[in-house]
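Biologist: I'd like to go through this one label by label. Give me the cut-off behind each call, please.

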Amino acid sequence: YLVVGDFNFPFLKFSDDTSLIDNLRQCESCDSGYNCPHIGSQMKQAQKLLDFSNEFFLDQYIQKPTRNQNILDLCFTNDQFLIHNYQIMVNSHLSDHYTICLYLNYDKVVKKDPKKKV
């Protein structure tokens with residue numbers, strides 16, 4: 001599996017292939033502190049993401065910030081050989097998030113047409 005996307009969980013920290021919810025920040029939307037309903041729903045969504053990644057044995061590979069100092073854009077896979085490398089590129093004309101270029105290891109499978117004679 002390969003799951004990639006903008007998950008927008010700045011409080012979710014990934015290190016050493018371990019998923020941790022760490023140091024919940026104050027809500028920037030309503031500035032009401034840690035009991036804010038926005039943070040509560042985000043925490044529930046983050047927990048579902050962690051449960052999903054654990055259920056399918058997915059590891060998260062992005063370890064560099066993808067927006068300011070936060071890692072918001074994530075890449076999960078359960079195949080340790082699928083991702084050869086990745087690169088983060090700043091492109092302020094395209095988005096306020098940085099661009100992630102994944103370098104994947106895979107072979108292109110060419111299907112032979114049984115009707116076609118060589």
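Biologist: Why is Phe11 called buried?

Modeller: Phe11 has a relative accessible area of 4%. Buried means under 20%, exposed means over 50%, and partly exposed is in between (1.4 Å probe, protein chains only). So 4% puts Phe11 in the buried class. Phe9, at 6%, is buried by the cut-off too.

Biologist: Before we go on, what kind of model is this?

Modeller: It's a predicted model: local features need pLDDT of at least 70 and side-chain atom pairs pLDDT 80 or more, while totals for chains, interfaces and linings use all residues. Residues are numbered from 1 along each chain as its sequence is written, and side-chain values use heavy atoms, with hydrogens and water left out.

Biologist: What makes up the largest nonpolar core, and what makes it a core?

Modeller: The ten residues are Phe9, Phe11, Leu12, Phe14, Ala46, Leu49, Leu50, Leu58, Leu74 and Phe76. A nonpolar core is a set of buried Ala, Val, Leu, Ile, Met, Phe, Trp, Tyr and Cys residues joined through side-chain atoms within 4.5 Å. Strand 2 (12–15), helix 1 (37–55) and strand 5 (73–77) each put in at least two of the core residues, with helix 1 giving the largest share, three. As a rule, nonpolar side chains in soluble globular proteins tend to be buried together.

Biologist: How many helices and strands come out of that, and in which order?

Modeller: One helix and seven strands, in the pattern β-β-β-α-β-β-β-β along the sequence. Of the 118 residues in the chain, 24% are buried.

Biologist: How many aromatic pairs does the structure hold?

Modeller: Four. Rings of Phe, Tyr and Trp (its six-membered ring) pair if their centres lie within 6.5 Å; planes under 30 degrees apart are stacked, over 60 edge-to-face, the rest tilted.

Biologist: Why is Tyr1 with Phe56 called edge-to-face?

Modeller: Their ring centres are 5.6 Å apart and their planes are at 75°, so the pair is edge-to-face. Tyr1 lies in the segment before strand 1 and Phe56 in the loop between helix 1 and strand 4 (59–60), so the pair ties together parts that are 55 residues apart in sequence. Tyr1 is exposed at 59%, whereas Phe56, at 28%, is partly exposed.

Biologist: And what makes Phe9 and Phe11 a tilted pair?

Modeller: Ring centres 5.8 Å apart, planes at 45°, so tilted.

Biologist: How do you know that Lys64 lies over the face of Tyr86?

Modeller: The call requires NZ of Lys or CZ of Arg within 6 Å of the ring centre and within 35 degrees of the ring normal. Lys64 lies over the face at 5.6 Å from the ring centre of Tyr86.

Biologist: What makes Arg67 and Asp96 a salt bridge?

Modeller: Their closest N and O atoms are 2.8 Å apart, and the test is a side-chain nitrogen of Lys or Arg within 4 Å of a carboxyl oxygen of Asp or Glu. Arg67 sits in the loop between strand 4 and strand 5, Asp96 in the loop between strand 6 (83–89) and strand 7 (99–104), so the pair ties together parts that are 29 residues apart in sequence. Arg67, at 27%, is partly exposed, and Asp96, at 45%, is partly exposed as well. A search of the whole structure finds one salt bridge.

Technical notes
Helices (H or I, at least four residues) and strands (E, at least two) are DSSP runs, numbered from the N terminus.
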